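Me: I'm new to reading structures. Could you walk me through a helix and some salt bridges?

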Amino acid sequence: MNDRVSITVEGGVADVRLTRAEKRNAFDDAMFEGVNAAIAELAANPDVRAVVVSGEGPCFSAGLDLSNFGKMASGDFKSGQSIVELPRTPTGANRGQQVSFGWRDLPVPVIMAVHGVALGAGFQLALGGDFRFVTPDAKMSAFEMNWGLVPDMGAFPILRELVRADVARDLVYSARVVEGEEALAIGLATRVCADPRAEALAYAREIAGKNPDAIKAAKRIFNMGLDATVADLLKAESREIGALIGSPNQKEAVSSRLEKREAQYA
């Protein structure tokens with residue numbers, strides 16, 4: 001962990017904050033390292049049952065630090081070939097793509113609470129969550145085309161799950177800015193609210209009160225993605241339910257509900 005990201009865990013909910021407010025939470029090398037270190041720390045913490053990610057200051061994240069574009073213009077930057085050759089996770093993500101895909105790989109639900117702007121790298125970070133709670137005036141954009149680039153932090157496989165194919169192409173080709181209500185209408189946002197972080201934390205606490213084994217099982221099935229066949233999904237349902245029925249936490253879910261008390265999960 002470094003000074004770009006903070007984590008507080010309480011009641012099973014991890015409150016993750018981007019803390020580079022003076023630079024609008026822009027991504028420099030330290031921010032990439034901080035986000036990926038946070039993902040690794042959360043993955044290793046068995047007490048975490050839900051995650052909320054938000055940005056301190058005026059916005060969620062303004063994207064890639066402008067100094068990086070200066071390096072690109074001057075030629076002082078990694079070549080395209082060197083980027084292709086970067087080490088990859090088992091999912092297939094390199095360091096930059098892990099900033100979005102790492103949240104999907106976490107076994108628990110992740111809520112991105114977006115205010116201000118989420119542009120470029122910040123937009124793709126937001127895509128990595130299971131949910132996106134946004135303010136009505138939040139501005140989201142796959143901004144890379146404005147710099148002569150394409151999104152390269154996981155946007156393509158995630159967008160194909162969230163929006164129609166022509167909408168995804170529109171967002172990438174035009175790099176246009178989408179605000180809260182339109183984001184909800186086209187499938188980018190889950191919920192529009194005045195205070196996304198507060199609502200996300202409240203929702204995360206609700207999720208943290210469910211059987212954590214069942215929540216993780218559901219996320220495993222969802223993460224099979226659009227490429228999974230119906231037969232694969234049906235088998236996965238059967239496999240997961242077989243492991244859950246009669247397990248200690250499933251028994252506690254039933255008992256606590258019948259006894260009208262708060263569940264105490266292991």
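Predicted model: local features only at pLDDT ≥ 70, side-chain atom pairs only at ≥ 80, totals over all residues.

Me: Which residues of α7 are buried?

Reply: In α7, which spans residues 165-174, the buried ones are V167, A168, L171 and V172. Viewed down the axis of α7, they fall within an arc of 130°, so they line one face of the helix.

Me: What do the buried residues of α7 pack against?

Reply: They pack against α6 (155-162), β8 (178-179) and α8 (180-186). Just after α7, A175 has a positive phi of about 55°.

Me: Now the salt bridges. How many does the structure hold?

Reply: There are 17. One of them joins the side chains of R4 and D28, at 2.6 Å from N to O. R4 sits in the segment before β1 (5-10), while D28 is in the loop between β2 (13-18) and α1 (29-43), so the pair links distant parts of the chain, 24 residues apart.

Me: Are R4 and D28 buried or exposed?

Reply: Buried means under 20% relative accessible area. R4 has 14%, so R4 counts as buried, and D28, at 13%, is buried too.

Me: What about R191 and E199?

Reply: Their side chains meet in a salt bridge of 3.2 Å, N to O. R191 is partly exposed at 32%, and E199 is partly exposed at 31%.

Methods
Residues numbered from 1 in each chain as written. Heavy atoms only, no water. Buried < 20%, exposed > 50% of the residue type's maximum accessible area, 1.4 Å probe, protein only. Helix = DSSP H or I, 4+ residues; strand = E, 2+ residues; numbered from the N terminus. Arc of directions from axis to C-beta. Contact = heavy atoms within 4.5 Å. Salt bridge = Lys/Arg side-chain N within 4 Å of Asp/Glu carboxyl O.
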